[in-house]
Amino acid sequence: MSWERWRIPLMLGPTVLIILVLFFGSLGFGFLQSLGFQPQLGNTELNFDAYISVMFSEEHSSRFWAGLLLTFWVAFASTFISAALAIAIALLLRRTFFGKRLAVFLFQLNLPIPHLVIAIGMILVFSQSGLLSRVAGELGLISSPREFPVLVRDSSGIGIILAYVWKEIAFFGIIVMAILQSLGEDYEAAAQSLGANRWQRFRYVTLPLIMPGLMSASIIVFAFTFGTYEVPRILGVRHPEMLPVMALDFFLNPDLNARAEGMALSIIIAVIVLILVLIYMYISARTIRRG
Amino acid sequence: MTHVRINNLTKAYSGVDAPAVADLDLDIPSGRLIALLGPSGCGKTTTLKMIAGLIRPTAGDITFDGDSIVRIPPEKRGAVMVFQNYLLFPYMSVGQNVGFGLKMAGVDPKTIDQRVKEMLNLVRLPDISDRRPKQLSGGQQQRVALARALITKPRVLLLDEPLSNLDAHLRDEMRELILSVQRDLGITTIFVTHDQEEAVLLADRIAMIFDGRLQQFASPDVFYRHPASERIARFLGGVNFLPGKRQGDTVETDVGSFRFAPGGEDERPPEDGLLTIRPEQIVLGQPTAENTVQGRVVSRIFVGTYTRYRLALGSHQIEAVRSADVAGDFAEGQDVPIGFPADRVWMVRPDQAA
């Protein structure tokens, strides 16, 4: 009896241990570092200097706040645009047409492609010396590469957003298509029979039905785009730069004292994402309780 | 009150040899309650969805009060469908579900609230406006779905298997509700069912459909007394069939000749077919001047309220049911006079000719 009681906790033990040590251990150590705890440098006093330095010092504050704004903008725009496009494409792909299988395959093709490859692809296609610029030049639309609009390494993060949209649209698509397939079209048929036109069916039936799944996917994409550095490192500019790139710069700084600032920035990113996840969980729980 | 006509309605799917619905003709007078009855896959729901506009016909026409509606989009037809699995929107309250059609039509919220209350009263669920669909029983969900359809004042109400998901008690309640609402509002109503009992209980007239084709369109009473074919008779629970040839109002079989009462003008029995009579219509042990033959009891099963007999009649076997209220019983192996009342005997087309 007592063995049965402990069986499941014991079986879960190794996994829980790995999570505790690797995840919470490193998180805890990172947090200590962000508070200035670096015994190898002789710093054992805990304080919030690194946080204050990152957010309010003359040296870093303008980079931080501009970077925070850009990070929010890129994460929000990438999530919203890819979700909206994925819904539109998934609704189109639900219809029956010649070549549907090929279209679905192409739609999901970039799912296994690494973000890094997508970012480099963006430069090859969308930069001022890229494929589109050359085609535009050949067609006589522009006379020099400089006339081609700056779509990558731009201060508004358009290149980064395009890369994320290109990549995440397939992720959203696979989720939305799965939801639509499981729902079928009966609810929409019922709404249509009750007088709902195409837009009303989408607004009042399809969207609310796919919203829970879409929200979960959105929080994943938002958290990911908020916290990763590869794509903005390749496609972004030095100022403003997204917060994960700024954190990377701190880590790569030969001055080891900058580690604390890097960690503080990473913790800030994590806390922002965590707050957003908690807000999402609160909204979901309330929605589930209601409906 | 809308007069519905269906003319040569056909639905064929590419890659499928047999059409789902073929050359269907129906004339449904205003304010009537009609059942489309048939086994699963016979095309009855396809027909309903074509009337609703949710499936486009391959050929043929549907008219409401003489005007073709096949090119009118479903949301503008005024033919509202109540689905078998109710399809209440799970993220809306009951009140929001019921008011959905009016909201789509741009009716002001105050009027919607008032009409929702009226409709919920009509379906006898006055106090559940704030509940969610998942908090309701199957019967309540069905009523809410009905209220949601009726609030739009449809020209034609379409019900897909309205009683099939309900248990016996709720079926009776729902049947009464549908009948009273339909009579009060006078909405032309077409419903689909595979359950002959459901069709008989609700419908003014029944359209029997097999393999996408209309077999017979008549009142429930005519279906039971004068089915057009062996297949229809069997679908409605008929089990007794004796091959025979008709001469006027008499059928000659190899166990004797039987007179039968002529049917209506559109009920013409075949010359060469099967004599049929329902088991409960057979009279046992009371010899009469006509339509009585001698048989032998092969087996008997006592079921409480009735006894079911298997009877040998020449080289044939038939079944008879005798109510427990009727005095007398017959033992296995006993010879017994078997009466076929003339007004209960009918002649049907055999299956191969159906």
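## Basis of the model

Helices (H or I, at least four residues) and strands (E, at least two) are DSSP runs, numbered from the N terminus. This is a predicted model, in which local features need pLDDT of at least 70 and side-chain atom pairs count only at pLDDT 80 or more, while totals for chains, interfaces and linings use all residues. Residues are numbered from 1 along each chain as its sequence is written, chains are lettered from A and ligands numbered from 1 in the order in which they are written, and side-chain values use heavy atoms, with hydrogens and water left out.

## Fold of chain A

Chain A has twelve helices and zero strands. Read along the sequence, its pattern is α-α-α-α-α-α-α-α-α-α-α-α. The C-alpha trace of chain A spans about 80 × 70 × 30 Å along its principal axes.

## Backbone details

A:Pro240 lies in the loop between helix H10 (230-235) and helix H11 (243-252) of chain A. The peptide bond joining A:His239 and A:Pro240 is cis, with omega about -5°.

Chain B has its own loop feature, at B:Arg124. This residue is not a glycine, yet its phi is positive, about 60°. B:Arg124 sits in the loop between helix H4 (109-122) and helix H5 (138-150) of chain B.

## H4 against H7 in chain A

Two packed helices are described by the angle between their axes and the distance between the axes. In chain A, the axes of helix H4 (residues 100-108) and helix H7 (residues 158-183) come within 8 Å and cross at roughly 130°. H4(A) is therefore oblique to H7(A). Angles under 35 degrees count as roughly parallel, over 145 as roughly antiparallel, 65 to 115 as roughly perpendicular and the rest as oblique. Axes are lines fitted to C-alpha atoms, for helices over the stretch in contact, and angles run from 0 to 180 degrees between N-to-C directions.

From H4(A), A:Val104, A:Phe107 and A:Gln108 take part. They meet A:Ile169, A:Ala170, A:Gly173, A:Ile174 and A:Met177 of H7(A). Contact means heavy atoms within 4.5 Å. The residues of this contact divide into six nonpolar, two polar and no charged.

## Interface of chains A and B

The contact takes 20 residues from chain A and 23 residues from chain B. Together the chains bury about 1900 Å², 65% of it on carbon and sulfur atoms. Buried area is the accessible area (1.4 Å probe) that two parts lose on being put together, summed over both. A:Ser193, A:Leu194 and A:Tyr204 supply 34% of the area that chain A buries against chain B, more than any other three residues.

One salt bridge (a side-chain nitrogen of Lys or Arg within 4 Å of a carboxyl oxygen of Asp or Glu) links the two chains. B:Glu75 forms a salt bridge with A:Arg201, and the closest N and O atoms are 3.9 Å apart.

Conventions: Nonpolar A, V, L, I, M, F, W, Y, C, P; charged D, E, K, R; others polar.
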